[in-house]
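Subject: Structure for your files

Hello,

Here is the structure I said I would pass on. My notes on it follow below; please read them with the coordinates open.

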Amino acid sequence: MALTKKKSRPITIDNEKYRWLISTRGKGIIAFIAEKENSKGSIIEVKIKSDINELWTEFPNISELNLKVIKPKDAELIIRQAHKLGWNPEESGKPNKFDFDGQKLKKASR
């Protein structure tokens, strides 16, 4: 899977280039998707609890919403932790699925 340059963001970690994007996965869930740039290997797909998409439908009643936004520093943290948990972006195969609580990545139970 190749992430398009138009819809994804670049990030360089330890001189390796990656691309990442955020996608919705239903109410209260967003997905962080990343791959190594110019590689035909596997991607990571990380489920993150966030009500950021509800901001627009629930406004102005947003005080109870989890408005988690993924920033470049989060992208770097997720990619580094995915490597530690066994993700090899050079190896082809199914997406490596994880969950992220805002600080720590863990293998998805799905």
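**Core**

The largest nonpolar core holds 19 residues, and those with the most contacts inside it are Phe32, Ile44, Val46, Ile48, Ile78 and Ile79. Such a core is a set of buried Ala, Val, Leu, Ile, Met, Phe, Trp, Tyr and Cys residues joined through side-chain atoms within 4.5 Å. Buried stands for under 20% relative accessible area, exposed for over 50%, and partly exposed for what lies in between (1.4 Å probe, protein chains only). Two or more residues of this core come from each of S1, strand S2 (16-24), S3, S4, helix H2 (72-84) and S5. H2 gives the most, with four residues.

The model is predicted: local features need pLDDT of at least 70, side-chain atom pairs count only at pLDDT 80 or more, and totals for chains, interfaces and linings use all residues. Residues are numbered from 1 along each chain as its sequence is written, and side-chain values use heavy atoms, with hydrogens and water left out.

Phe32 is in contact (heavy atoms within 4.5 Å) with Trp20, Leu21, Ile22, Ile44, Glu45, Val46, Ile48, Ile70, Ala75, Ile78 and Ile79, leaving aside its neighbours within four places in sequence.

**Fold and sheet**

The protein chain has two helices and six strands, in the sequence pattern β-β-β-β-α-α-β-β. Helices (H or I, at least four residues) and strands (E, at least two) are DSSP runs, numbered from the N terminus. The six strands form an open sheet with mixed pairing, in the order S1-S2-S3-S4-S5-S6. Two strands pair if DSSP finds at least two bridges between them. S1 and strand S6 (105-107) are the edge strands, each pairing on one side only. Neighbouring strands of this sheet are turned by 30° against each other on average, direction ignored. For angles, axes are lines fitted to C-alpha atoms, for helices over the stretch in contact, and values run from 0 to 180 degrees between N-to-C directions.

The pairings I looked at are these:

- S1 and S2 run antiparallel and are joined by five bridges; Ile11 stands opposite Tyr18 in S2.
- Strand S3 (residues 29-36) and strand S4 (residues 44-49) run antiparallel, with six bridges; Phe32 has Val46 in S4 as its bridge partner.
- S4 and strand S5 (residues 96-100) run parallel, with five bridges; Glu45 stands opposite Lys97 in S5.

H2 lies across S1, S2, S3, S4, S5 and S6, and runs at about 55° to S1.

Ile13 and Ile79 are 66 residues apart in sequence, with 8.6 Å between their C-alpha atoms.

Arg9 is also found in strand S1 (residues 9-13). Arg9 counts as partly exposed because its relative accessibility is 44%. Not counting residues up to four places away in sequence, Arg9 touches Tyr18, Arg19, Trp20 and Pro72. Arg9 and Trp20 are eleven residues apart in sequence and 5.3 Å apart in space, C-alpha to C-alpha.

**Whole chain**

Of the 110 residues in the protein chain, 42% are buried. Among contacts between residues at least 6 apart in sequence, 41% join residues at least 24 apart.

Regards
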